[in-house]
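Hi,

Here is the structure I promised to pass on. Have a look, and my notes follow below.

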Amino acid sequence: MRSIVIFMMAAALLPAADLTKEGDRWWSHIQVLADDKMEGRNTGSAGHLRAAQFVAGEFERAGLKPAGTSGYLQPVKFKVAQIVEDQSSLAIVRDGKVTPLKLGDDANLSVRPGLAESVDAEAVFCGYGLLVPENHFDDFAGLDLKGKIVVYIAGGPSDVPGNLRSHYSFRAERWRAIQKAGAIGVAAIANPKSMDIPWERSTLARLNAAMELADERMADAPGQQFGATINPAHAEKFFAASGHTFAELLALADQGKALPRFPLHIRLRATERMRMSEVESQNVVALLPGSDSVLKNEYVVFGAHLDHLGVGAPMKGDAIYNGAMDDGSGVASLIEIATMAKLESLRPRRSILFIAVTGEEKGLLGSQYFTGAPTVPFKNIVAEINMDMYLPLYPLKNLEVQGLDESSLGADIRAICEKAGVIVQPDKEPQRNLFIRSDQYSFIRRGVPALTFKFGYDAGSPEEKLAKDWLRERYHAPSDDLNQPVDKSAAARFNRLMLDLGMRVASANGRPSWNADSFFKRFER
Ligand SMILES: [Zn+2]
């Protein structure tokens, strides 16, 4: 009783949060992280190392303890592959007649260590390229795929729930099913309706270095010989001998229907020259020790990714992909949350781990490394709260929460938002697979309940237009830089919500749990 009175007095004495000041402080971290001097923080680059040292310094200033393997840093080794495009080729072979394809325009070859230098194999269209046992949905059943290449349209039938579809679309999961069916490679056609980035822009990234964790125990698509992505605007070429049209299939996909599967009666012939090297990059890991003598051995993780795309193909004369929102914003939030905890002397019962990971843009590799080689006992990590490109472009009225209905963390964020007068929205676009597309998924796949967020909006609102325009124009473009309109106080409000969420979860009696009916419960240890 007494402690409650004291707590209430303390709360009453706390000045109301100064969101303008906090928003400016949050932005000041982004000004460092997204400065041209950081050269876009590419995994393995000197710019990324400088950014990692900056974050380590800020964590130290916020009173956090080092929790990496080398102070605040956890070095991670990568294998690197880069395509030599003028020595590479892709062609369609039909009845012995060879039709060369234009790389960059018709299709792009996947780049990753381990792919074969030359491949010549039959192509089979396999619908969405999905195997979802829970729904008895199998795009590979009854097809002879031995030694062949699977061609599919990204997406899935609408009667498979979004999270399930996301899970089985995850590279490692999809590849496992394809490999089991006997195929040696895969070619994906994006559905133009759910492409975040138009082909003309995404194709610019094909010359970028691709990476894989050097630790082979962590490889996630072993045995894959061939990979490609096909420009949907030129996809009819692949169907010309099949008796089907891409347009007809796309119409079915747009209605969420199951797709037919059939041989394309063509072979794909590829030669791929890659330049290989190795680099080292850094996760940054810091600890706010818990106050409870027992619970302090458990950890709530706040995560964001430090890496971005580095220096690449210039757009409008700018070649530095600064990544201010992606994910400078999330890393700045880590620093802010730690800073507020210090300024307000907050000591949750459990410990809180702050992790800025590398290699996210290369395929969630830094988080995969951390979860495979954790610096604290992994079974004691009770939750992951991930912040990646949450897009504070307008006031925070709605918060979209991915993973909302999967674990007890859903009730936590609902309670925090209700108190703050913020409306919680579930994932509005499950077809974009956002739940598997950032680092929370490395934790989820190892059993840890997690959430990730976007600023929400109402359908047809000006906010929706702002968010969608941002994705089309700035997402993974050099214009995601310091010269863009951002609502800093809204970001400060978001940071407060995250702080409250972390404190609530870290101080609760019980640890978070997956809902009984959640698909992800299967990963529980
Ligand atoms: Zn990104």
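Are Y390 and F494 buried or exposed? Both Y390 and F494 are buried, where buried means under 20% relative accessible area and exposed over 50%, with partly exposed in between (1.4 Å probe, protein chains only).

Before the rest, some ground rules. This is a predicted model, where local features need pLDDT of at least 70 and side-chain atom pairs count only at pLDDT 80 or more, while totals for chains, interfaces and linings use all residues. Residues are numbered from 1 along each chain as its sequence is written, and side-chain values use heavy atoms, leaving out hydrogens and water.

Now the aromatic rings. Rings of Phe, Tyr and Trp (its six-membered ring) pair if their centres lie within 6.5 Å; planes under 30 degrees apart count as stacked, over 60 as edge-to-face and the rest as tilted. That rule gives 22 aromatic pairs. In one of them, F378 and F443 have ring centres 6.2 Å apart and planes at 20 degrees, so they are stacked. F378 counts as buried at 12% relative accessibility, and F443 is buried too, at 2%. Y390 and F494 are stacked as well, because their ring centres are 3.8 Å apart and their planes lie at 20 degrees. This pair links distant parts of the chain, 104 residues apart. Ring pairs also join Y168, F170, Y441, W514, F519, F520 and F523 into a cluster.

As for the whole chain, buried residues make up 57% of its 525 residues. Its C-alpha atoms fill a box of roughly 85 × 45 × 45 Å along the principal axes.

Cheers

Note on methods
Helices (H or I, at least four residues) and strands (E, at least two) are DSSP runs, numbered from the N terminus.
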